[in-house]
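Please keep the sequence and the model at hand while you read.

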Amino acid sequence: MGAPSVSGHASTGDFDRVLVVDFGAQYAQLIARRVREANVFSEIVSREIIAEEVRAKEPIGIILSGGPASVYATDAYGIDETIFSLGIPVLGICYGHQVLAKALGGTVAPTGTSEFGPAELTVSDDGGLFRELPEVQTVWMSHNDAVSAAPEGFTVTASTPDAAVAAMEDRERGLYGVQFHPEVGHTEHGQAVLERFLFDACGARPSWTNESIIARSVASIREMVGECTAICGLSGGVDSSVAAALVHRAIGDKLVCVFVDHGLMRMGEGDQVEETFRNHFHMNLIHVQAQDRFLDALSGVTDPEEKRKIIGETFIRVFEEVAADIDGADYLVQGTLYPDVIESGTKDAAKIKSHHNVGGLPDDMNFDLVEPLRDLFKDEVRGVGEELGLPEEIVWRQPFPGPGLAVRIIGDVTIERLDILRAADAIVLDEIRKAGLYREIWQSFGVLPAIKSVGVQGDGRTYAYPLILRAVTSDDAMTADWARIPYDVLAKISSRVINEVPGINRVAYDISSKPPATIEWE
């Protein structure tokens, strides 16, 4: 033991695997999701991957993502061109389409007229990716350069008014390219195009299902943990709850769940965790009261990255102390998701923020990690949770950050600010539920900034905090849009918060999307 291990997540050895080569931006994550929606496992890999590494992963197909650069830029992203001769089907999308064409002898050049947004695609050959699809369809474009001449051996299969080679295919070699973005919802038949590649060109089996994920995860966990004991950091959120249920199915009573009440929870969460896991699932549950410890550690800390690292390390120290009294407790179960890993920084994804369970972990922790959800997106986790029989209120609970309200309080975290935000947040969620919007909205919550403003209440002057209301819609948290909550619901939230929560005298609504903002404020 010693350094954290990233093993213990779902084994993918029995699934067909499609590699998504990441050329930047958010495209790779979205492509990976669309592949999985077709029940095929996808794995995002670095653009620096070489042919030998590709061969070792034994993929049935490779997709080259879009990206923000030009193939002719001095620092343009390239790829090991030997990959194209491995006999593995390849689909290049946008920038990936241009990389493929340029590498194989085609011509890529600035068009002189950029295409950004919807475009009309005309199909001239419907024998491959466009089989049984309309001759004319709407696609989503986002490019300056374009392929002006396809490489030798390729057939041009579609065009738009500004892209003569909007799609090309060399079916004999299994090489395909499209200038548009099939992974984007605005492309009319984008998912069908991807599925033609997956099932027709690659021969994929649609075996990435909730049942198969659970079966292989259980086998992998049993093999990893053996006769040892695992403890699970249980917060009551969907991620840690599904991880706990999955590991419990694998090792039963050798799992000990540890619910650490760090004083940063929302109203009533401790009782909900107790009811679900001790009384409903009959799991071994240890409830640790550690509010003072966390608040002391956070005292005077205002930098969000430092907050996350302090909370991550303090969690680990508490778990280590609990494990010291449990024989053979060598493993720690975490509900780490794939977006957590991406946002905490990979070779091709800039670090947005350190998640307390990824970048916030100390180097000297005494556990090996079991992370059965590390390869999954949130919607996949919910599906697995439903399959495992978790209650709806757990499975469909809106995401809540591991550091809790500490990263929704801007500046110093104090008991006074926690009490104010906890009360306000409860009102926000109550009104969102009453309006029937809870399942429709990805996250809805309050943020308490470290400022005060003048107000008037009861003919007297007040000087109190504003509450920033944040609500977004999303599919996977990689991108998000601000939720268009009806005005009457916003008015009800504002009225109740100002009238019922001492210390708040105004409510503002955050209408920023991600990007450029993030969902959480810290």
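1. The side chains of Thr-336 and Glu-371 are joined by a polar contact of 2.8 Å, where a polar contact is a pair of N or O atoms within 3.5 Å and, within protein, one of them must be able to donate a hydrogen and the other to accept it, while residues adjacent in sequence count only if both atoms are side-chain atoms. Thr-336 itself is found in the loop between β13 (329–333) and α10 (338–343). Because its relative accessibility is 0%, Thr-336 counts as buried, and the cut-offs are these: buried means under 20% relative accessible area, exposed over 50%, and partly exposed in between, with a 1.4 Å probe and protein chains only.

2. A word on the source: this is a predicted model, in which local features need pLDDT of at least 70 and side-chain atom pairs count only at pLDDT 80 or more, whereas totals for chains, interfaces and linings use all residues. Residues are numbered from 1 along each chain as its sequence is written, and side-chain values use heavy atoms, with hydrogens and water left out.

3. Next comes helix α3 (residues 95–103), which is largely enclosed by the rest of the structure because 7 of its 9 residues are buried. The buried residues of α3 are Tyr-95, Gly-96, His-97, Gln-98, Val-99, Leu-100 and Ala-101. After α3 comes Gly-105, and its phi is positive, near 100°.

4. Which residues other than glycine have a positive phi, among them one with a value near 65°? Asn-39 is one of them, with phi near 65°, and Asn-39 lies in the loop between α1 (27–37) and β2 (41–46), where it is partly exposed with a relative accessible area of 31%. Glu-58, which is not a glycine either, has a positive phi of about 55°; its place is in the loop between α2 (51–57) and β3 (61–64), and at 64% relative accessibility Glu-58 counts as exposed.

Conventions: Helices (H or I, at least four residues) and strands (E, at least two) are DSSP runs, numbered from the N terminus.
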